[in-house]
Amino acid sequence: MTIVTQLALPRPSAVDPPLAETRRNKIPENRNWQEHVNSVFEGILAARGRLVRRDAKIEIIGASEGGLGAVRYLVRNWPAWRDNISALCLANPLHTKSFDLISSEPNTTGSKNAGLDSASFPSFVSSRCRAAYESPEFCEAQLIVRDIREEEVVSESNGGANGA
């Protein structure tokens, strides 16, 4: 149960305190959204051959903090997951390229574009990741999209959809 749900539960009167959180409402290793994402990867998806087929291709859908948690987890653990993750879809993404997509791995390719060798996580994001934003603009408005590969601003029509 989320905090919002817990606070919304009926009470005898408006001045009564909300229900106290009990041990039944606490899940080990799930105190916050990053711990929850880590536990899904390490406790469920990593059990290849037991809970998930060994050759499974995993497509991740992350909303807001869940998407940020998945991005941060995969940046740290990309070599172990590279062969199993086939797509990443983010709704209201919160990550930033300059902070969340920077890997601590050294650039071994010699390329000036360190994070974009074909096996890197930033390269995967640029080719296999999609993000959806809610836009306050009308449907046919021009949207400004940042291209991760060239760091230039590209003007792109949203094709009649509300988002990019």
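I count two strands as paired if DSSP finds at least two bridges between them. Helices (H or I, at least four residues) and strands (E, at least two) are DSSP runs, numbered from the N terminus.

**Ground rules.** I am working on a predicted model, where local features need pLDDT of at least 70, side-chain atom pairs count only at pLDDT 80 or more, and totals for chains, interfaces and linings use all residues. Residues are numbered from 1 along each chain as its sequence is written, and side-chain values use heavy atoms, with hydrogens and water left out.

**Entry 1, the sheet.** I began with I61, which stands opposite C89 in β2. Around that pair, β1 and β2 (residues 85-91) run parallel, joined over six bridges. I then looked up the whole sheet: it is open, with three strands in the order β1-β2-β3 and parallel pairing. Its edge strands are β1 (58-63) and β3 (129-132), each pairing on one side only. From one strand to the next, the twist averages 15°.

For angles, axes are lines fitted to C-alpha atoms, for helices over the stretch in contact (heavy atoms within 4.5 Å), and the values run from 0 to 180 degrees between N-to-C directions. I found helix α3 (residues 65-81) across β1 and β2, at about 145° to β1. Helix α5 (residues 121-128) lies across β2 and β3, at about 70° to β2.

I checked the length of α2 (residues 33-45): its 13 residues should span 18 Å at 1.5 Å a residue, and the end C-alpha atoms are 17 Å apart, which agrees. The expected span is 1.5 Å times one less than the number of residues. Which residues of α2 are buried? With buried meaning under 20% relative accessible area, exposed over 50% and partly exposed in between (1.4 Å probe, protein chains only), I get Q34, E35, V37, N38, S39, F41 and L45. These buried residues pack against β1, α3 and β2. At the start of α2, a side-chain oxygen of N32 comes to within 3.1 Å of the backbone nitrogen of Q34.

I located S120 in the loop between α4 (97-100) and α5. S120 counts as buried because its relative accessibility is 11%. A polar atom of the S120 side chain lies 3.2 Å from the backbone nitrogen of S123.

A salt bridge here is a side-chain nitrogen of Lys or Arg within 4 Å of a carboxyl oxygen of Asp or Glu. My search of the whole structure gave two. R31 bridges to E35, with the closest N and O atoms 2.7 Å apart; R31 is exposed, at 72% relative accessible area. R53 and D55 form a salt bridge at 2.9 Å, N to O, and R53 is exposed at 60% relative accessibility.

Key. A polar contact is a pair of N or O atoms within 3.5 Å; within protein, one must be able to donate a hydrogen and the other to accept it, and residues adjacent in sequence count only if both atoms are side-chain atoms.
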